Amino acid sequence: MASEEYTGIQKAAILLIALGPEKSANIFKHLKEDEIEELTLEIANTRSVSPQTKEDVLEEFYQVCLAQQYIAEGGIGYAKELLDKALGEDKAQEVISKLTASLQVRPFEFVRKTDPSQILNFIQDEHPQTIAMILSYLSAAQASMILGALSPEKQADVAKRIAMMDRTSPDVIKEVESVLERKLASLANQDYTIVGGVDAIVNILNTVDRGTEKHIMESLEIEEPELADEIRKKMFVFEDILLLDDRAIQRVLRDVDNNDLEIALKGSNDEVKNVVLKNLSKRLASMIEEDIEFMGPVRMKDVEEAQQKIVAIIRKLEDNAEIVISRGGGDEIIV
């Protein structure tokens, strides 16, 4: 059977068999549980593969990897140009099509490789909805720089539109891409789909400077209080206590009820638990560990409520400048 007649999962199984157990095990580390289960089952059901099929699958994998590398370096246009020379026009188009179909290459990939200040020059006078759509496709670092440079009244509007964005028509995306392509003299050829949402704006707000964040949140609290509350809850989760230094954690724990702390830690991972306990006195830490150990089953709802109470204390102390949270890129500290 020719390699073209195999499904994607069958080809992946053949590839892993060809690479051997050591390399395959390293690949498995980067896959989701359901993907590992599916591949394991397929490998188990793969009895024999001809040398020619194995060679064809390895060659296809190499070509797709090459195309992906070229796209990362200079976009789809650059990749196609190089692949045309290496494989011929028809084969190059086939490889590019496979890659874009399987990896769902994001729209505005060419913009993601552009300096944020340059992007800002092109989009700052656009409609807030257009700006929101473009920022949704950029990295959090790029989007935060652009959002921070917009006028204060436009910042909150754009942030709200990103948070409330659901699906964007491929035709609209293509039209906006086309305009930016002409302005930036770049090339792209993709079309997809679901962007934005609360998580997108949380990522951006976690990266912008504290002043911009406060202005946007204050504006949203007036215009969209429920949305602002949802965003605020996601901006600092209980596990982010790892972002605090020991002194800040000790300050937080002074205001936390021990019962809330025990329930919150009951549902947390060992890393968070250890960091919190080491910032308590030995006697209190030992008592809380013992209480947690003998505590019966706790509803997840109760755990989340207890953790949210502690998060509220952290946010209040941060707003009062009693603690600092390290966030964003590099060593930036937001007071």
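Figure 1. In the protein, 73% of the contacts with a separation of 6 or more are between residues 24 or more positions apart; a contact means heavy atoms within 4.5 Å. This is a predicted model, in which local features need pLDDT of at least 70 and side-chain atom pairs count only at pLDDT 80 or more, while totals for chains, interfaces and linings use all residues. Residues are numbered from 1 along each chain as its sequence is written, and side-chain values use heavy atoms, with hydrogens and water left out. The protein has 19 helices and 2 strands, which are DSSP runs (H or I of at least four residues for helices, E of at least two for strands) numbered from the N terminus. Of its 335 residues, 41% count as buried; here buried means under 20% relative accessible area, exposed means over 50%, and partly exposed is in between (1.4 Å probe, protein chains only).

**Figure 2. The largest nonpolar core, with 32 residues.** A nonpolar core is a set of buried Ala, Val, Leu, Ile, Met, Phe, Trp, Tyr and Cys residues joined through side-chain atoms within 4.5 Å. Look for Leu 135, Leu 147, Val 158, Ile 201, Leu 205 and Ile 231, the residues with the most contacts inside this largest core. At least two residues of this core come from each of α7 (116-123), α8 (128-137), α9 (140-149), α10 (152-164), α11 (170-184), α12 (198-205), α13 (210-223) and α14 (225-235). With 6 residues, α8 gives the most to this core. Another core, of 31 residues, lies apart from it and includes Val 256, Leu 261, Val 275 and Leu 317.

**Figure 3. Helices α8 and α10 packed against each other.** Two packed helices are described by the angle between their axes and the distance between the axes. For α8 and α10 the angle is about 60 degrees and the axes are 8 Å apart. Axes are lines fitted to C-alpha atoms, for helices over the stretch in contact, and angles run from 0 to 180 degrees between N-to-C directions. The pair is therefore oblique; angles under 35 degrees count as roughly parallel, over 145 as roughly antiparallel, 65 to 115 as roughly perpendicular and the rest as oblique. The crossing of α8 past α10 is right-handed, a label used if the near helix is turned clockwise from the far one by less than a right angle, with anticlockwise being left-handed. On the α8 side, Pro 128, Gln 129, Ile 131, Ala 132, Leu 135 and Ser 136 meet Lys 154, Asp 157, Val 158, Arg 161 and Ile 162 of α10.

**Figure 4. A closer look at Ala 132 in helix α8.** Ala 132 is buried, at a relative accessible area of 0%. Beyond its neighbours within four places in sequence, Ala 132 is in contact with Val 158, Arg 161, Ile 162 and Met 165. Ala 159 is 27 residues from Ala 132 along the chain, and their C-alpha atoms are separated by 7.1 Å.

Figure 5. Pro 116, Ile 119, Leu 120 and Ile 123 of α7 meet Gln 142, Met 145, Ile 146 and Ala 149 of α9.

**Figure 6. Val 57 in helix α4 (residues 51-87).** Val 57 is buried, with 4% relative accessible area. From C-alpha to C-alpha, Val 57 and Gln 10 are 9.9 Å apart in space, and in sequence they are 47 residues apart.

**Figure 7. Two glutamates, Glu 218 in helix α13 and Glu 289 in helix α18 (residues 282-294).** Glu 218 counts as partly exposed at 45% relative accessibility, and Glu 289 is also partly exposed, at 46%. Glu 218 and Ala 228 are 10 residues apart along the chain, with 8.3 Å between their C-alpha atoms. For Glu 289 and Lys 273, 16 residues apart along the chain, the C-alpha separation is 9.3 Å.

**Figure 8. Ala 321 in the loop between α19 (300-319) and β1 (325-326).** Although Ala 321 is not a glycine, its phi is positive, at about 60 degrees.
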